[in-house]
Amino acid sequence: MRALQYREIGRAPEVVEVPTPEPGPGQVLLEVTAAGVCHSDAFVMGLPAEQYTYGLPLTLGHEGAGRVAAVGAGVQGLEIGTNVVVYGPWGCGTCRTCARGRENYCPRAAELGIVPPGLGAPGAIAEHLLVDSPRHLVPIGDLDPVSTVPLTDAGLTPYHAIKRSLAKLVPGSTAVVIGAGGLGHVGIQLLKHLSPARVVALDVSERKLQLARSVGADDVVTSDASAAQAVREMTGGRGAELVLDFVGAQPTVDTALAVAAVDGDVTIVGIGGGVAGVGFFRTPFATSVSAPYWGTRGELHELIELAHRGVLDVHTQTFSLSDAPQAYEALHAGTLDGRAVIVPPLG
């Protein structure tokens, strides 16, 4: 089969031929129908050799959708041909945290060498994907895999972040979204669907600000040195009850802290390397700053239910498997609108 692999530190990924895996006991083999491209992949491939821990060669892609092609011994209740998406942050499955579906916070995964597909294990940008357990599969029925596959990260991550703060998003509140790209444009829609909050989107790109407006942002602001003051003026000086930073670079983290309201939540989702300074005289009283990771298995099921209701409009740009390296070039150049999705040929 063909797969997109990162094979050498500092080199661009390439499409190569690799053996098609076979499912062992408890495993499931998918014929991939769609795979998402994420900034996290670019972050991983940008690491120097001394910081890289994901193994080489690495088949990329931690957002995956597919059809069940084969199952290993012991797998029951999963029919061949079932259309599914893959829950990515795999855990041990047996600890107290995993028992609650919170495998994204499994305390044993690292010590047991359990890693997500595309972030250590072979990923979804390939013709087939081997999944470690059927519990990591969510059936999607007749949903389009191309528009649904981003929900496994670009949807699940903001959904998890937003749910933690819903009690603060009452009528008259404000939520600020910094970065209106793949995750941000889904986050805006989730905020509008789940809460009555006024949503303000910040981005450096006029094109992405237009995307933010099209998916429901009430106001948009260019993300520059004057952005914090603009948000403060919009909110009568109060600030935002929730700030979601989908970039995470130092300038955006600084902006996030500057626009937070007293008793507000600042949630840093992006992995841009920014650091938040927290304490008296640095942040408003009772401000909470967090950096959540991905989302839970239960939350992915909830998102798929929302998708069935038609409340999400995930913008995608498709690439063939042969053109998958160009998707990462477009991601790096900032020319994507929404999420890039690789669509392998089905055979």
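The legends below describe close-up views of a predicted model.

Residues are numbered from 1 along each chain as its sequence is written, and side-chain values rest on heavy atoms, with hydrogens and water left out. Because the model is predicted, local features need pLDDT of at least 70 and side-chain atom pairs count only at pLDDT 80 or more, whereas totals for chains, interfaces and linings use all residues.

**View 1. The open sheet of three strands, with S1 between S2 and S4.** The strand order is S2-S1-S4 and the pairing is antiparallel, where strands are DSSP runs of E with at least two residues, helices are DSSP runs of H or I with at least four residues, and both are numbered from the N terminus; two strands pair if DSSP finds at least two bridges between them. S2 and strand S4 (58-59) stand at the edges with a single partner strand each, so one side of each has no neighbour in the sheet. S1 and S2 are joined in the antiparallel sense over four bridges, and within this pairing Val15 in S2 is the bridge partner of Leu4. Between S1 and S4 there are two bridges, again antiparallel: Tyr6 stands opposite Leu58 in S4, and Gln5 stands opposite Thr59 in S4. Strand S1 is mostly covered, with four of its five residues buried, buried meaning under 20% relative accessible area, exposed over 50% and partly exposed in between (1.4 Å probe, protein chains only).

**View 2. Helix H11 and its surroundings.** In helix H11 (residues 324-333), the buried residues are Ala324, Pro325, Ala327, Tyr328, Ala330 and Leu331. These residues pack against strand S1 (2-6), strand S2 (14-17), strand S3 (28-37), helix H1 (39-45), strand S15 (316-320) and strand S16 (339-343), contact being defined by heavy atoms within 4.5 Å. Just after H11, Gly334 takes a positive phi of about 75°.

**View 3. Helix H5 and the residue His160.** H5 is mostly covered, seven of its eight residues being buried, namely Leu156, Thr157, Pro158, Tyr159, His160, Ala161 and Ile162. The cover over these buried residues includes H6, strand S12 (240-245), strand S13 (260-268) and helix H10 (297-308). His160 lies in helix H5 and counts as buried because its relative accessibility is 3%. When neighbours within four places in sequence are left aside, His160 is in contact with Arg102, Asn104, Tyr105, Pro292, Tyr293, Trp294, Gly295, Thr296 and Glu299.

**View 4. The crossing of helices H5 and H6.** The axes of helix H5 (residues 156-163) and helix H6 (residues 184-194) come within 9 Å and cross at roughly 40°, axes being lines fitted to C-alpha atoms, for helices over the stretch in contact, with angles that run from 0 to 180 degrees between N-to-C directions. H5 and H6 are therefore oblique to each other, given that angles under 35 degrees count as roughly parallel, over 145 as roughly antiparallel, 65 to 115 as roughly perpendicular and the rest as oblique. The crossing is right-handed, a term used if the near helix is turned clockwise from the far one by less than a right angle, and left-handed if anticlockwise. Pro158, Tyr159 and Ile162 in H5 meet Gly187, Leu190, Leu191 and Leu194 in H6. By class, this contact of H5 with H6 has six nonpolar, one polar and no charged residues, where Ala, Val, Leu, Ile, Met, Phe, Trp, Tyr, Cys and Pro count as nonpolar, Asp, Glu, Lys and Arg as charged, and the others, Gly among them, as polar.

**View 5. The open sheet of six strands.** The strands follow the order S11-S10-S9-S12-S13-S14 with parallel pairing. Strand S11 (219-222) and strand S14 (288-290) stand at the edges, each with a single partner strand, so one side of each is left without a neighbour in the sheet. The twist averages 15° from one strand to the next. Strand S9 (residues 174-178) runs parallel to S12 and is joined to S12 by four bridges, with Asp245 in S12 as the bridge partner of Ile178.

View 6. The crossing of H8 and H9 is right-handed. Ala228, Val231 and Arg232 in H8 meet Thr255, Ala258 and Val259 in H9, and by class this contact has four nonpolar, one polar and one charged residues.
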